[in-house]
Amino acid sequence: MSSVIDASDTESIKKWATMHYILHLVGIVFTVGTLTLIAVVLNYVKRDDANGTYVRSHMDYMISSWWKMILWTVILGAIMTVITIFTLGLGLVLWFIVGIPAIIFAIRMILGLMKLSDSRAI
């Protein structure tokens, strides 16, 4: 296999990356993250196909964004659990904070999709 990537291969993997971004966005908004899990698995599967193209940076970006969202959701969930226990339930009012990583993730996916549509690396 040659190390030179032709334009048709780049366009093909770009279509895959676009689909991944859309799956991440739909998943975070409508399925409470279920589709994002499928999308990140697809990111891992198709990432090597994007080697040598600008699309590889998008695959890595989606994967790292997903892991950061998971990490911060778990951390904030644990903090809010402790606060809720120690305030005898008054901390329940602040549980919306746990959703902030998902909002940031959605913004990152929109920005990445915009760069991908312009055929630029992230």
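**Lysine 14.** I looked up the contacts of lysine 14 (heavy atoms within 4.5 Å) and, not counting residues up to four places away in sequence, I found that lysine 14 touches Tyr54, Val55, Leu116, Ser117 and Ser119. I note that this is a predicted model, in which local features need pLDDT of at least 70 and side-chain atom pairs count only at pLDDT 80 or more, while totals for chains, interfaces and linings use all residues. Residues are numbered from 1 along each chain as its sequence is written, and side-chain values use heavy atoms, with hydrogens and water left out.

I placed lysine 14 in helix H1, residues 7–30; helices are DSSP runs of H or I with at least four residues, numbered from the N terminus. Lysine 14 is buried but has no salt bridge, and glutamate 11, the nearest side chain of opposite charge, is 4.5 Å away. Here buried means under 20% relative accessible area, exposed over 50% and partly exposed in between, with a 1.4 Å probe and protein chains only. A salt bridge needs a side-chain nitrogen of Lys or Arg within 4 Å of a carboxyl oxygen of Asp or Glu, and for charge Lys and Arg count as positive, Asp and Glu as negative, with His and the chain ends not counted.

**Serine 119.** One of those contacts, Ser119, I followed into the segment after H4, where serine 119 has a positive phi of about 55 degrees although it is not a glycine. Serine 119 counts as partly exposed because its relative accessibility is 35%.

**Valine 32.** I found another positive phi, near 50 degrees, at valine 32, again a residue other than glycine. Valine 32 lies in the loop between H1 and H2 and, at 79% relative accessibility, counts as exposed.

**Helix H2.** Which residues of H2 are buried? I listed Thr36, Ala39, Val40, Asn43 and Lys46. They cover an arc of only 135 degrees around the axis, so they lie on the same side of H2; the arc is taken from the directions from the helix axis to the C-beta atoms. On the face turned away from this buried side I noted the exposed residues Thr34 and Val45.

**Aromatic rings.** I counted one aromatic pair, where rings of Phe, Tyr and Trp (its six-membered ring) pair if their centres lie within 6.5 Å, and planes under 30 degrees apart count as stacked, over 60 as edge-to-face and the rest as tilted. The rings of tryptophan 66 and tryptophan 67 have centres 4.8 Å apart and planes at 80 degrees, so the pair is edge-to-face. Tryptophan 66 counts as buried at 9% relative accessibility, whereas tryptophan 67, at 45%, counts as partly exposed.

Note on methods:
Helices (H or I, at least four residues) and strands (E, at least two) are DSSP runs, numbered from the N terminus.
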